[in-house]
Amino acid sequence: MYLSKLLLRDFGKFHNKEISLKSGVNVICGDRDSGKTTIRDFITGMLFGIHRRSGFGSELSEYDKRKPETRSGYSGSVYLRDEDKTYLVDRSFLTGAKKTSLMEVKSGREVRLANPDTLTGTVLSTDRNTYRDTQCISGDGEQTADGLARELSNLYQTGSPNLDIERAISYLEQEKKKHVPKPMVRRLESIDRQLEEYESVDRDLEKLEKERRELNEEFIIEAEKRKRVARRMVENEDGTVTYEKDEELDKKIDRITRKDTTFGAEELDEEEDKPRLTDRLSVIIAVGIFVIAVIAVVVYMLPFEPAIRHLFIIFTALFVVLTIIDGLRIKGYFDSDDGDDTPSEEEFHKVLQELETEKEKEEEIEFDMTFAKEFQEKKAALAERENALLEKRNERERLKAEYSSVFRKKSELEDELVAITLAAARLRSASEKIQKETAEELFPNISAFLPILTDHEWNGLIFDDQGGLLVTGDSGTEPLKGLEKSMIGKVTLAVRLAVAGYFARKEATPLILDDAVRCEDEKDYKALAEALNLLNREQVILLTSDRGMKDGLTAGGLKLNYTEL
């Protein structure tokens, strides 16, 4: 797989910049700040997309670095050759107008991307991070022995130069400590103990309700007893004492003792409230008419004169009508009906106050209402007990809700703890497998490149007991950090070329070297040409500021495509 043409329409400092590439080695030469790294980012962006955001501590994201400042566009195209097919990749990178299209040039048909914004899964199998870590070799920053040891250790254990398994496992261990559910267990035990104190709340509320019903029944019974003897005392001439009926007082007592559904007195008043036959108006009128008819029949049977008969019947009818009207008045048929006479709590207290005042004014009224006050006091005490029990019940429900929430969180923590433990185990298992593969393939590959680039001074690389790197050769073994800076750079390049070859086994994507090569003389150019021949990649894009790179590689027997920025 290789790229045949780059068209940077609006990308970084470039506008409608076209670069033709070929298979094999391509050298793109330019001075400092000429846009070499921009071309590297353009290639990776066209293949895998550009991230809008950067990690913590980064000043600018890749998106912001390459966005043109003077133009509104942000786009480009590349031609990609894969076996016998040529594809045109066209992208717009602008947020809000982002678009990626992949078209097969020969058929002119657009190919649907398996994953949005990336060619991975469609014409590529390599993911963005793996490509950037292994196929983009950059000379940015100082090349140190410790840095190379860290990258190689990561590769050996995880297969990625930027993935540190020790840090990953340490992170998982820290997360395990955060997800230990012991505080949740202790809280659940505490809630259990508190809930035990509220187990009897429902039973206590039932008992209190029973006490309230019994108290109300006692009050109604006592009121019924007392209202029958609450009369005005009258001393007769013969010295006896009788009670004068006080209708107004009876009416007040009847009002405060009226059936109250909230007091549970339905059973006591059911007998009184049942309508009697003689209370029905239709029955009373029918009886009156029947009496008048009987009297009329009797009068007509007696030998009276017609005038007397008529007068007798008229007066009889008038007497019956007046009797019926008086009876209806006594029964209250003509009283105004303002709706439900069931007293409210406020009316109840008001009637009690009226009765107390009346008792003070008229000492002859023998009606003791202290029992009603006692009833109210007992009722208030029951209300206080009920409020306390209701608060306990509310607290119990709150504790139950908290228990459910804590239990759910504890279960989630336990599940996460299992997942973290499993992840750590899988990391270790995968690391063991990767270590076996890298030991068999990567390190021999390093040993192939190392002699070429170090002029056969060193031919092997191993780890010491502290995790540092040692180079081995005919002259013995030396710590890598003890070598000259230029030699450390050559060893680093040998390792990275070996890594690129190791990861290119499955898919030979274009290899990019961005100012990663430092050649001081003809021998170095020849060594680089030999290493690139050994690498045998379908396409290598070498971005350099070294003006002698073209001639040096050509003299080393390497055919290349040269472009100058």
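## Two packed helices

Let's start with helix 14 (residues 485-503) and helix 15 (residues 522-535), which pack with their axes 10 Å apart and at an angle of about 15°. Helices here are DSSP runs of H or I with at least four residues, strands are runs of E with at least two, and both are numbered from the N terminus. Axes are lines fitted to C-alpha atoms, for helices over the stretch in contact, and angles run from 0 to 180 degrees between N-to-C directions. The two helices, helix 14 and helix 15, are therefore roughly parallel to each other (under 35 degrees is roughly parallel, over 145 roughly antiparallel, 65 to 115 roughly perpendicular and the rest oblique). Helix 14 passes helix 15 in a right-handed crossing; a crossing is right-handed if the near helix is turned clockwise from the far one by less than a right angle, and left-handed if anticlockwise.

A word on the model: it is predicted, with local features needing pLDDT of at least 70 and side-chain atom pairs counting only at pLDDT 80 or more, while totals for chains, interfaces and linings use all residues. Residues are numbered from 1 along each chain as its sequence is written, and side-chain values use heavy atoms, leaving out hydrogens and water.

Five strands form an open sheet in the order 8-14-15-3-16, with parallel pairing (two strands pair if DSSP finds at least two bridges between them). At its edges stand strand 8 (136-138) and strand 16 (560-564), each with a single partner strand, so one side of each has no neighbour in the sheet. On average, neighbouring strands of this sheet are turned by 15° against each other, direction ignored.

Within the sheet, strand 3 (residues 24-29) and strand 15 (residues 539-544) run parallel and are joined by six bridges. If you want a spot to look at, Asn 26 has Ile 541 in strand 15 as its bridge partner.

## A hairpin and a leucine

Strand 11 (residues 460-463) and strand 12 (residues 469-473) run antiparallel, joined by four bridges. Phe 463 has Leu 469 in strand 12 as its bridge partner. Five residues lie between the strands of this hairpin, and Gly 467 takes a positive phi near 90°.

Leu 450 lies in helix 13 and is buried, with a relative accessible area of 0% (buried is under 20%, exposed over 50% and partly exposed in between, using a 1.4 Å probe and protein chains only). Its C-alpha atom is 8.5 Å from that of Leu 461, eleven residues apart along the chain.

## Aromatic pairs

The structure holds twelve aromatic pairs (rings of Phe, Tyr and Trp, with its six-membered ring, whose centres lie within 6.5 Å; planes under 30 degrees apart are stacked, over 60 edge-to-face and the rest tilted). One of them joins Phe 48 and Tyr 131, with centres 5.2 Å apart and planes at 40°, so this pair is tilted. Phe 48 is in helix 1 (residues 36-48) and Tyr 131 in helix 3 (residues 128-134), 83 residues apart. Phe 48 is buried at 4% relative accessibility, and Tyr 131 is buried at 0%.

Tyr 156 and Phe 443 form an edge-to-face pair, because their planes stand at 75°, with centres 5.8 Å apart. Tyr 156 lies in helix 4 (residues 145-158) and Phe 443 in helix 13 (residues 370-453), so the pair ties together parts 287 residues apart in sequence. Tyr 156 is partly exposed at 26% relative accessible area, whereas Phe 443 is buried at 14%.
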